[in-house]
Amino acid sequence: MFRKVGIAVVGATSVFGTSVFADTLRAPYEPQKALDPKNFKQFPVILTGKYNHDTAKIAVHIGNNCVPGMKASFIVVIRGKDAEGKTVIRPYTPITRAQQKGTMEFLIKKYPGGKMGTYIHDLHIGDTLDIKGPFMKTPIKSNEHKHVGLLCGGTGITPMYQILHALLDDPSDKTKITLVYANKTPADILLKTELQIMERAHKRLRVIHVLEDAPFNWDHALGFVNSHIIKNYMPKPSEGKIYVCGPPGMMKAISGDKDYESSPPKQGPLAGLLKDLSYTSDDVFKF
């Protein structure tokens, strides 16, 4: 059950299932940047609720004529408290379009023992959320690559969703896009309806779901992302760009994890299946 506050939000167009922030008015002036990369700002929670068994969706009001302030692909930093009242800070990727006015939206997974996930899942409408940013991860440019491959698992879909909006919202972009999205069960798939709508609306987008535990009538891939899937769906080495985001085990198997010894983390050497298939670091970006 989702709960949303009756606040007038101008210019927000994202859809969460049956929840719609209507674009009722258009301001005659340029939108303002809502966020500050140097300081945390407080934003009121206007929508919160359970998305599935371990993920919540939440929206904050950032100002009627305000936008996040950066094009894809970007993250923000959220500040909260753990059970003992100690400050916790974590990076998150909004699923908001860069040009969306009025609201900023997130899908937040709650891990066992997770401090920030627990904090955010316990928020109510009218509470505030401390957010700082935005911070660029990697710029997404239209027509930069003929073919873009998106390999992700779980909440790793969030930066990919940003990329999809950035490329598909541009009528001049001709990039072929293939999304391979891995999960354990059908119940774990996030943004499934939104992805279906995107795929139906754009012939240049193909979405392949991979499930570890699938129903008998499952018509997508079964098991894990493997070399066969990569060979069949991803751009060939030196013929496009592959973006990877997922849990540590998936990252290790597909691309090798990032170098978290560095601050901020660096890409680190390419490893895993992509290296075995002759891709290079220039072909791959790790979120």
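The stops below say what to select and what is there.

This is a predicted model, where local features need pLDDT of at least 70, side-chain atom pairs count only at pLDDT 80 or more, and totals for chains, interfaces and linings use all residues. Residues are numbered from 1 along each chain as its sequence is written, and side-chain values use heavy atoms, with hydrogens and water left out.

**Salt bridges**

The count is 5 salt bridges (a side-chain nitrogen of Lys or Arg within 4 Å of a carboxyl oxygen of Asp or Glu).

Select Lys 109 and Asp 54. Their side chains form a salt bridge, 3.7 Å from N to O. Lys 109 sits in strand S10 and Asp 54 in the loop between strands S5 and S6, so the pair ties together parts 55 residues apart in sequence (strands are DSSP E runs of at least two residues, numbered from the N terminus). Asp 54 is buried at 15% relative accessible area (buried is under 20%, exposed over 50%, partly exposed in between, with a 1.4 Å probe and protein chains only).

Next, select Arg 97 and Asp 169. Their closest N and O atoms are 2.7 Å apart. Both residues lie in loops, 72 residues apart. Arg 97 is partly exposed at 22%, and so is Asp 169 at 34%.

**Cavity**

Select Ile 140, Lys 141, Glu 144, His 145, Val 148, Leu 167, Thr 175 and Tyr 243. They line the largest cavity (on a 1 Å grid over the protein atoms alone, a set of points where a 1.4 Å probe fits but cannot get out; lining residues have an atom within 4 Å of a point).

Technical notes: 1 Å grid on protein atoms, 1.4 Å probe; cavity = no way out; pocket = protein on both sides within 12 Å on 5 of 7 lines; lining within 4 Å. Helix = DSSP H or I, 4+ residues; strand = E, 2+ residues; numbered from the N terminus.
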